[in-house]
Amino acid sequence: MPLTLIVSDGFLPEANMPSTIQRLSEAFLRLHGLAGNKVLTPNVVGHVQVVPKGRTFSGLMPTDVAVVEWLTPSFAFTSSEIQKAYVREATDIVYEACGGSLPRTNIWVNVKHAVDGTWGISGVAYSNSELGEALSLG
């Protein structure tokens, strides 16, 4: 499950990047009942993309921002309860990691779903049902 944290330069200290990705990932796994899952956990991958000042926008104007973006199978983030809880937690995690220097109003969270059958792990394309079966074993 690829996680991308996009953040304007100067807000997320480099020393906080690993723990921020870890906390965002742990929240995802916990809320989906998959904490400690031996199949999924190693396949939760993430990166931080720092964007130079003046190259992030909101309201059509240069604005300092952070965006937490997931790409998941369509069976993830399907319940409103999980969606609301994750958005709240992820916003808190990023806000804290930035030391409160980036307003919560400038932190967004979104999820994109992969097309069924195109979830590739170790060179193997999994369908949603195949991936679900593998996760149930972990």
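## Basis

Buried means under 20% relative accessible area, exposed means over 50%, and partly exposed lies in between, with a 1.4 Å probe and protein chains only. By that cut-off W70 is buried, at 0% relative accessibility.

This is a predicted model: local features need pLDDT of at least 70, side-chain atom pairs count only at pLDDT 80 or more, and totals for chains, interfaces and linings use all residues. Residues are numbered from 1 along each chain as its sequence is written, and side-chain values use heavy atoms, with hydrogens and water left out.

## Aromatic cluster

Rings of Phe, Tyr and Trp (its six-membered ring) pair if their centres lie within 6.5 Å; planes under 30 degrees apart count as stacked, over 60 as edge-to-face and the rest as tilted. The count is four aromatic pairs. F28 and W70 have ring centres 4.5 Å apart and planes at 20°, so they are stacked. F28 sits in helix α1 (residues 17–31) and W70 in strand β5 (residues 66–72), so this pair ties together parts 42 residues apart in sequence. Helices (H or I, at least four residues) and strands (E, at least two) are DSSP runs, numbered from the N terminus. F28 is buried, with a relative accessible area of 1%.

W70 also pairs with Y86. Their ring centres are 6.3 Å apart and the planes stand at 75°, so this pair is edge-to-face. It links strand β5 to helix α2 (residues 80–97), 16 residues apart. Y86 is buried too, at 1% relative accessible area. F28, W70, F77 and Y86 make up one aromatic cluster.

## Nonpolar core

A nonpolar core is a set of buried Ala, Val, Leu, Ile, Met, Phe, Trp, Tyr and Cys residues joined through side-chain atoms within 4.5 Å. The largest one has 34 residues, and L24, F28, V68, W70 and Y86 touch the most other members. Elements giving two or more residues to this core are β1 (2–8), α1, β5, α2, β7 (119–121) and α3 (128–137).

Contact means heavy atoms within 4.5 Å. Neighbours within four places in sequence aside, W70 is in contact with residues including M1, P2, L3, L24, V44 and V111.

## Salt bridges

A salt bridge is a side-chain nitrogen of Lys or Arg within 4 Å of a carboxyl oxygen of Asp or Glu. The whole structure holds five. E89 bridges to R30, with the closest N and O atoms 2.3 Å apart. E89 lies in helix α2 and R30 in helix α1, so the pair ties together parts 59 residues apart in sequence. E89 is partly exposed at 23% relative accessibility. R30 is partly exposed at 44%.

E69 and K112 meet in another salt bridge, at 3.4 Å from N to O. It joins strand β5 to strand β6, so parts 43 residues apart in sequence are tied together. K112 is partly exposed, at 43% relative accessible area.

D64 forms a salt bridge with K53, the closest N and O atoms being 3.0 Å apart. D64 itself is partly exposed, with a relative accessible area of 23%.

N106 lies in the loop between α2 and β6 (107–113). N106 is buried, at 14% relative accessibility. A polar contact is a pair of N or O atoms within 3.5 Å; within protein, one must be able to donate a hydrogen and the other to accept it, and residues adjacent in sequence count only if both atoms are side-chain atoms. The N106 side chain reaches the backbone oxygen of D64 at 2.8 Å. It also makes a polar contact with the side chain of T105, at 3.1 Å.
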